[in-house]
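Please keep the sequence and the coordinates in view while reading.

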Amino acid sequence: MPHFTKPAEGSWTEHYGLGTGPISYEDSITPEQYERERDAIFARTWLNVGRVEQLPKVGSFFTKEIDAARTSVVVVRGTDGNVRAFHNICRHRGNKLVWTDFPREESSGTCRQFTCKYHGWRYNLDGECTFVQQEPEFFDLDKADYSLVAVQADVWEGFIFVNLDHSNTTPLRDYLGNLGKGIEGYPFQELTQVHKYRAEVHSNWKLYIDAFTEFYHAPILHARQSVSDESAKLVEVGYEAIAYVIDPPHGMVSSWGGMAPPKDLNMVKPIERHLRSGLFGPWDAPDIGLDELPPAVNPTRDPRWGMDSFLFFPNFMLLIWKPNWVLTYHYWPTSYNTHIFEGTCYFAPPKNAKERLAQEMAVVSFKEYGLQDSNTLEATQTMLESRTASKFPLNDQEILLRLLHKTAQNYVDQHEQRQSPALARA
């Protein structure tokens, strides 16, 4: 018997019409498919690259390497206070414009203008070319013709997004759909204590998203996160979500609360008892001015709720936890079987050492289960590439996996359909 009410169809998967048959993972093991996804997805969708707190004043900037879209962008707060983004390329000879010691590493800082390291061309915060070294040596050069190449940029709830498709006409808020609108008003701006992790993972980007959009694996893979008696109970009970919401191309899973705080202190490890924190975050939720949850958060208003995990296609996941903290995941492809995983924890600033230690406990717990997943995914990638098996069954708790792979393929198919007439004319 289900622990939570399912739709009339009997399953979430059938309710959303995603099909129930086995799926193929060929889309995660072929270089050709990755090249298609680069053009159809990462060069054409809204991508979250940071938050406004990274740009605290005029001239603040950071760069973002987007290998899947074959570019680097620089994001800056202009003199008018607005957030802008540009391709990180000097218009003279194509040198990467903004970098520190190593060209492939991301950088950040504050400046009045951007100056190319190669020949000294300068650009103001609006991207206009303002200085050319030995300008009289050029032939009929008009600096106005050589501004930085702009990238569409917009901000939603403090999260900065860019879209590399110069022909895009879909506003960010519209792209994020009803799920995005249903989160608006959550006080993200109060969560300015930030902890970040980054890992280079030898698996396809979609496989890591697969791991974090289902919790069917949690009682097994993460068994040692719990004390032995509690772990045995979780294995016996298994996992079942409170609800799933699909708003193509995005989706979310709403989950029960687990142990924050636990009903019985014997359910958790001694260090968690002392620090009043663990995998689900600090037990003592700070006051962040949240009187009522936005409608998309805990959409069923179930009293057992503990966390919602939102996947905003293609590669941005937002987790909102009951104890008033937030976790984000990003998956940045670097090849068909490698990607960079980024995990960021957001807390209210701690008021004392006790609160800081509680946050640190949550952060290291997150790192531990993140490592468990990434290690497993590298094992998954190697065996998928063996092509020993070609079809794999998914259960009802893996509905968001079906959504992700179906959506990615739809983007590829639609892009190639748009390209076909143009190629025929050429």
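A residue is called buried under 20% relative accessible area, exposed over 50%, and partly exposed in between (1.4 Å probe, protein chains only). The model is predicted, so local features need pLDDT of at least 70 and side-chain atom pairs count only at pLDDT 80 or more, while totals for chains, interfaces and linings use all residues. Residues are numbered from 1 along each chain as its sequence is written, and side-chain values use heavy atoms, with hydrogens and water left out.

Glu190 has a relative accessibility of 38% and therefore counts as partly exposed. This residue is placed in the loop between α3 (172-183) and β11 (193-201); helices (H or I, at least four residues) and strands (E, at least two) are DSSP runs numbered from the N terminus. Together with Asp287, Asp291 and Glu292, Glu190 forms a negative surface patch. Patches consist of residues with over 30% relative accessible area and no salt bridge, like charges being joined within 9 Å and nonpolar side chains (Val, Leu, Ile, Met, Phe, Trp, Tyr) within 5 Å. Asp and Glu count as negative, Lys and Arg as positive, and His and the chain ends are not counted. The place of a charge is taken as NZ of Lys, CZ of Arg, CG of Asp or CD of Glu.

Paired charges come next. Side chains of opposite charge can pair when their charged atoms come close. A salt bridge requires a side-chain nitrogen of Lys or Arg within 4 Å of a carboxyl oxygen of Asp or Glu, and by this rule there are 20 salt bridges.

One of them joins Arg173 to Glu184, with the closest N and O atoms 2.7 Å apart. Arg173 belongs to helix α3 and Glu184 to the loop between α3 and β11, so the pair ties together parts that are 11 residues apart in sequence. Arg173 is partly exposed at 42% relative accessibility, as is Glu184 at 24%.

Another salt bridge links Arg84 and Asp126, whose closest N and O atoms are 3.3 Å apart. Because Arg84 lies in strand β4 (residues 83-87) and Asp126 in the loop between β7 (122-123) and β8 (129-131), this contact ties together parts 42 residues apart in sequence. Relative accessibility is 23% for Arg84, which is partly exposed, and 33% for Asp126, also partly exposed.

Lys143 and Glu135 likewise meet in a salt bridge (3.2 Å, N to O). Elsewhere, Glu35, Arg38, Asp39 and Arg70 are linked in a network of salt bridges.

Terms used
Accessible areas come from the Shrake-Rupley method with a 1.4 Å probe; for residues, only the protein chains shown count as cover.
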